[in-house]
Amino acid sequence: MRNDRWTVSAQRLTGLAAVLCLAWGWGAMPAAADAAAGVELIDEQTPWRAYLVQGRLPLKAEEGLRLRERRAAWDFEYGGHDREVVITPVPTRRNPDPEPEVVDLDRRNPHYTVLPPPDWTDADFDDIHWPRYQTDELSDFLGDYGVPAGARGPVALHLRTRFGVSDPERATDLELAATGLGGAVIHVNGQEVGRAYLPEDDPHALAFAHSYPEPAYVDEYGELLPGASGQRPGLGELDLTPIEVPEELRENYEQRIRSFTITIPPDLLHRGANVLAVEWRTAPHRRGGAGWSHLGVHRIALTSDSGDGAIAYREAIASTHLWNAAAEEQITSDRAQQSLVQRRWHWSMYWARGMPVRGTQMGNPFDPLRPLRILVPRGGMGSGQVVISDLDGLHELSATMGELSGRDGAVLKARSVSTRYAAQPDDLHHCDVLMPEPPDGAGTVPIWTIIEAPAGQAPGWYTGTLSVRGNGRSFQVPVQVLVSGATLPPPHEFADVSVHLTQSPRTVAMHYDVEPWSDRHWQLLEPSLKLLGQAGNEVLNVPVILSNFPAAFRPGQPARSESSQTWRQPLIRWVKGDEGRLRPDFEVFDRFLDLYVEHVGPPRAISLWLWEPGSAVELAQAYEGRREHSVETEARTPGVLVQVWDPQTGRAHQHTAPGLLDDDAEAFWRPMLEGVRRRVQQRGWDERIIMLGFGSDVRPGERTGRRVRQWAPYARWDLLSHFSGETPGRKDDGRYIATGGLEVGIRRYPWLRFRRVLSAEQLEGWLNSPPQYVDLPTARWQHQPWSPPFLYRTLPQMWGRLGHLGLDFWRAGRESGPRNSSFFSHVDALTVPGPQGALPTVRFQMLREGVQDTHIRLAIVRACLELAEDQREPYRQLLDELRGRVGHGHGYLSQHELQFDWPGYIARLHEALAELTGQSIDARWDQPPGRE
């Protein structure tokens, strides 16, 4: 038979059905289904908790199993116990007698990611940190006839979910039916009930599935079949360059698909909630694997033909219910109908690790409702969410929470607590907008609790209750807040973290249809600036010119503008003075700077955007090895455009200003530069924070650089570039000199080593010898507008620096809205326009907390510099756990790695910083109130 069929029979028992189960927190258990109807206890809407193990894929060799990667090869054997393997390098001329390596699969190693805990199948196992997926999402990532796979890929997928039984004695015909690739082991309430396409009674945690037959790889002529095949009907859309499957080869491809059914023994069932755990394993590859994954999930369903003693999942979710979700989890109200994986691999979330996530729409009503736990440093903030759902829509929704009580009379006051409701915008697939009022009629609404602890708050646990009402029902959620011993300065004092969000006054004015720089415009700008302050923004962009800045420009070729510089409202204008001469006007700049300092703090850099290549007659360029310090070119425009303001009429018009190499350039530009310099000095700031921009791979040449240095010797340049082939580049004193002889003050660039997270030792070297410029990698390949929130939480931690994300470049009523800057960044807005200005999103909230996490991480590194070398090692190991998490991937943590227990890891960072700064406390994250 091509597809084995496994059946575990059970004796049929009888009894009365229970209709109420308060132990699991239900108001009432759904009544048993009509016996004649048949029910699905687990269907395509049921969310699964998932834990993905990745690593080297096994190949079927003449003798046993072999692993390969590039030119290296290893022999694979199972170890002495069920959670270790033995890997031995294949003998070579240089190493004829290699030593075997015993690999503990419970620890970090270069071959496989860590296995889940041994008790992961148990009914009471806490799977709160495992991400959730519906079956179609699992199919998007691992389904079809085998998605692309190389030397590494998915090795084991561990899935958990819960289903409801009203009367175990009557539930005698529950049948699990599954289809996929590889093999599977099935557990109910911690007991194995069957396995398919796996060796019988093999207890090893990484026992591989049965091999595939030869026709699954080759046609009748022995030619390899193409690896990534076309779509199988009903399995979800997978946009990874699918191919058409010739009908004459359909039977070959179908041999990759395996199906099985298992009947669930009723004596293992409980009244109320039951846990089903399915462990999918990869099969060894043959003929190099032919490029397709040998582990996959197409369908999993649990049904009862009679309906006796069973609870239909759709009936269970029909009423209003409240459920837990991690702050980093992606929740949706209107679920996307197709995969989010993009065909263009290098812009996608795929990368062989980032599972496509449409978001969880309905939490499993059979899951227990757990307390809402939030970690907060003193002087910082933390957040958490619970979610309320109803298929018929939610109305009259509210959530309230008062002050929280701690030990010895300590109180976390109500003003430190805010409640927000996440709504799903039209152009995004998950609930993202954090609104002060709930959306009416949505089927799913995440309720966010955001805690801000004063710097002087007493550390320790605080408890309270979140009261939620919706559709006439009331819920009470216990809240547990740990104020840690770590103490943070204000975000603008995060000295070792570099963050840059771009803000657009012009977009704000256009969206709300207000006159630029009117009183109403200033009011609407304040929320944007407050959010910049929360993120610890370092760079203040000061547009001076109106001209567009091309994303790509080559001398002698047409320019193409992708940056929409016209969306940037100039902060410095000109007015006519005596005798009609133009002089710079700083009224807007002064007021904007005051507002910026009030809400953000003193900037580390002020970037005056006064250059663009269209009017230049001399350029430099450095891209992909090209390096030209000066190239004569023909200007496409006679000069650059600036704005001239008439205070009498209140009107502004465009004016063509001289280019930087024109004869009258100094008389026009130097007074503006001197005016900015005076204002910087009057505030007590270093004049070296003044930067000039904006250049890219194409930038001002040597003559331009020399001339501007005569006017403003203190000013450096702001460049967004690949910085390829630079000479001399980084100097021993930390300065950077770019092609064209320009000293760089802000170095923005695509992070090219995106697979590498800086180790603790590397971070120590970086802090010991910091650059004398603002270092801002753009990480353009790591984030997308549709990226899951967890990515935004973890991305700043990769290198401690992150730049060029748009804050409020909204569409402003146009079909094609403004661009943040160029193709160096894909994110144009981390906010949405609210009634009174910008509203934050979940993505912004996660980025904000990620910046805070990064400060704590780097503060640990800096504190370690004061320790002896042998005392640093425990802290280095803690910091390098993050490096280990992305050792098998591409420089970020994706949705499926919520399994890492991110809050627990961050809590350990808090404990380490508190210990290093003499602020340790007894309260611990893993010992919440009631669990000591």
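Let me begin with a term: a residue is buried when its relative accessible area is under 20%, exposed when that area is over 50%, and partly exposed in between, computed with a 1.4 Å probe on protein chains only. By that cut-off Cys 431 is buried, at 4%, and Cys 864 is buried as well, at 2%.

Please keep in mind that this is a predicted model, in which local features need pLDDT of at least 70 and side-chain atom pairs count only at pLDDT 80 or more, while totals for chains, interfaces and linings use all residues. Residues are numbered from 1 along each chain as its sequence is written, and side-chain values use heavy atoms, with hydrogens and water left out.

Staying with cysteines, the structure holds zero disulfides, a disulfide being a pair of cysteine sulfur atoms within 2.5 Å.

Now to His 521, which lies in helix H5, residues 519-534, where helices are DSSP runs of H or I with at least four residues, strands are runs of E with at least two, and both are numbered from the N terminus. His 521 is buried, at 0% relative accessibility, and, leaving aside neighbours within four places in sequence, His 521 is in contact (heavy atoms within 4.5 Å) with Pro 505, Val 508, Ala 509, Val 514, Glu 515 and Pro 516. Its side chain also reaches the backbone nitrogen of Trp 517 at 2.7 Å.

Finally, the sheet: four strands form an open, antiparallel arrangement in the order S1-S15-S10-S13, where pairing requires that DSSP finds at least two bridges between two strands. The edge strands, each pairing on one side only, are S1 (39-42) and S13 (258-263).

Notes:
Polar contact = N/O pair within 3.5 Å; in protein donor to acceptor, adjacent residues only side chain to side chain.
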